Amino acid sequence: MEDVHADEAREARRLLATAFETVPADPATAGDGLLRAVRRRDARRRRTRALVAAGGAAAAAGIAAAVLLSVTVAGATPALAAVTSALSRAAADSFHMNVIVTEHLTVPGRLGIPSPLYITGKLDLKRNLGEETLSNGWRTLIVGQKAYTKLPPPQARTDTGGKRWTEEPLQDAEPPYGSAGAQLAWDFNSDRPFNPQALLALLKSGAKVLNEGSVSGPGWTGTRYRFTVSHPDGTAGVVDSITCTVDLDRQGHIRSLAQTTVFVASGKPGTAGKMIYTADFTFSDFGIRFSVTPPPASQIDHDLGVAVQF
Amino acid sequence: MMRRGAEEFDERFTAFVRSRGEYHLRMATLLTGNPDAAEDLVQASLLKLYRAWSRIDTAGDPDAYLRRIIVNTRRSWWRARWRQETPVPEVPEAAAGEDAAERQAVGTLVRQALARLPRQQRAVLVLRYCEDLPEAEVASLLGCSAGAVKTHAHRGLRALRESLSDLDSSAVNETSGSASG
């Protein structure tokens with residue numbers, strides 16, 4: 001076991017104390033400013049929770065489409081109604097999913113992913129089951145309210161004491177924000193890249209859906225729709241816009257979804273720019289049945305020894 | 001009766017954030033290596049604390065609860081598989097007197113060096129040598145063994161020294177480069 005000598009520890013304390021004490025102070029982010037920010041988050045969270053929970057409960061009961069449509073579509077345009085109906089249906093469906101994720105920075109900076117990143121998998125949103133394999137070596141299983149992630153060997157060695165899997169309650173993968181826009185921006189890079197309930201909430205926030213005409217794919221024909229939400233509520237200047245292009249087949253299934261999220265990025269002074277993520281989803285095999293088995297307990301690093309449960 | 005309870009609850013939480021918010025923001029800046037992420041992390045963690053405030057014994061040590069929430073939330077965020085660290089503006093140079101400026105410069109270098117370390121090593125150094133927590137408590141917070149804490153501390157300090165040395169010589173090179181150019 002490698003120990004730290006007392007003089008090294010003293011030096012570390014001195015350096016870290018300097019680093020701590022010289023963190024640039026911003027009165028707007030501490031004290032009352034911090035308190036106001038927490039209260040704003042709380043208010044947003046309560047508002048959005050009610051909205052999204054309504055969608056989730058309905059999906060679980062298998063009556064999502066009817067309920068959400070009655071809530072959302074009164075007076076809606078045909079394009080909005082079609083997309084809302086398809087998302088509501090997807091929220092209670094199962095399917096195969098392929099995703100291609102790309103990332104692009106318009107300012108110098110380090111990319112967070114090997115771009116493009118490929119994800120293949122299957123989801124059953126009604127039964128809360130899922131399997132995803134990523135081209136960067138990660139693998140995720142979703143079983144009920146738990147997400148199990150298998151790390152590639154180098155990361156498993158450094159981060160989880162050699163155990164290959166981590167376990168987290170799904171609710172802990174929730175975004176640190178309280179709005180549909182922020183949730184989508186977050187889910188985009190979480191265990192649940194496809195989140196029909198958040199998309200429904202984003203639509204409800206006032207998106208204008210455009211019919212872009214006919215479209216077809218292998219074995220299906222349908223219609224393409226598109227909507228953009230600029231500066232989504234609750235994203236606090238972090239998200240510039242979210243644009244979705246949705247292809248629906250004649251049976252009302254979502255065949256593909258291209259989601260582009262534009263983040264505000266700032267580099268060195270004077271080099272403010274954008275960080276652009278795209279996720280191109282394709283869906284197939286609607287209604288498939290499958291089972292998922294959690295990994296053996298001995299191979300799991302239990303992530304949270306939490307004293308407080310939320 | 002209920003209303004009075006809610007007011008007292010709010011008052012205690014408010015007093016806690018006013019007195020200890022800045023401390024946790026500074027600590028989160030060291031943990032994340034990014035002031036914007038730190039602000040986000042502390043706000044999200046305080047919201048969790050606020051929602052649990054009535055269920056926990058905050059008369060004891062609310063700092064300890066918040067610290068645990070911050071560490072867990074950060075870990076949760078890190079797990080998001082390709083969450084990008086936004087390029088952030090460079091920290092402005094200090095304009096105060098020489099000592100203060102030098103201290104500021106050292107602080108900036110240490111924060112930059114910390115930000116280069118692997119996530120777990122950085123967390124161990126911050127919790128062990130800045131928060132001054134015992135090894136066992138750091139191990140409990142990070143969900144690893146005390147032995148792993150020792151190893152991370154040893155390797156983290158070595159990497160910190162190397163990184164500081166790199167950063168220091170780059171700063172010197174940049175200065176001499178701009179002087180000759």
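In this predicted model, A:L16 is in contact with B:V110, B:L125, B:V126, B:Y129 and B:C130, leaving aside its neighbours within four places in sequence. Two residues are in contact if their C-beta atoms, placed from the backbone, lie within 7 Å. Local features need pLDDT of at least 70, side-chain atom pairs count only at pLDDT 80 or more, and totals for chains, interfaces and linings use all residues. Residues are numbered from 1 along each chain as its sequence is written, while chains are lettered from A and ligands numbered from 1 in the order in which they are written.

A:L16 also belongs to the largest nonpolar core, which has 52 residues. A:L16, B:L125 and B:V126 have the most contacts inside this core. A nonpolar core is a set of buried Ala, Val, Leu, Ile, Met, Phe, Trp, Tyr and Cys residues joined through C-beta atoms within 7 Å. A residue is buried if 20 or more other C-beta atoms lie within 10 Å of its own, exposed if 12 or fewer, and partly exposed in between; C-beta atoms are placed from the backbone. Helix α2 (residues 35-52) of chain B gives the most to this core, with nine residues. Helices (H or I, at least four residues) and strands (E, at least two) are DSSP runs, numbered from the N terminus. The core lies between domain 1 (1-79) and domain 2 (98-181) of chain B, because both give residues to it. Domain bounds come from an automatic or database domain assignment. A second, separate core has 40 residues, including A:A86, A:A91, A:F227 and A:L248.

Helix α1 (residues 6-21) of chain A packs against helix α5 (residues 119-130) of chain B at an angle of about 100 degrees. Their axes are 9 Å apart. Axes are lines fitted to C-alpha atoms, for helices over the stretch in contact, and angles run from 0 to 180 degrees between N-to-C directions. α1(A) is therefore roughly perpendicular to α5(B). Angles of 65 to 115 degrees count as roughly perpendicular, under 35 as roughly parallel, over 145 as roughly antiparallel and the rest as oblique. From α1(A), the contact is made by A:A9, A:A12, A:R13, A:L16, A:A17 and A:F20. From α5(B) come B:L125, B:V126, B:Y129 and B:C130. By class, this contact has nine nonpolar, no polar and one charged residues. Ala, Val, Leu, Ile, Met, Phe, Trp, Tyr, Cys and Pro count as nonpolar, Asp, Glu, Lys and Arg as charged, and the others, Gly among them, as polar.

Chain B has seven helices and zero strands. Of its 181 residues, 40% are buried. Among contacts in chain B with a separation of 6 or more, 62% join residues 24 or more positions apart.

In chain A, helix α7 (residues 196-204) is mostly covered, with eight of its nine residues buried. Among them are A:P196, A:Q197 and A:L203. A:G206 follows α7(A) and has a positive phi, near 120 degrees.

A:A79 is found in helix α4 (residues 78-90) of chain A. A:A79 is partly exposed, with 18 other C-beta atoms within 10 Å. Not counting residues up to four places away in sequence, A:A79 touches A:V209, A:L210, A:N211 and A:Y225. The C-alpha atoms of A:A79 and A:Y225 are separated by 7.0 Å, although the two are 146 residues apart along the chain.

A:R224 lies in strand β8 (residues 220-230) of chain A. The C-alpha atoms of A:R224 and A:D247 are separated by 4.4 Å.
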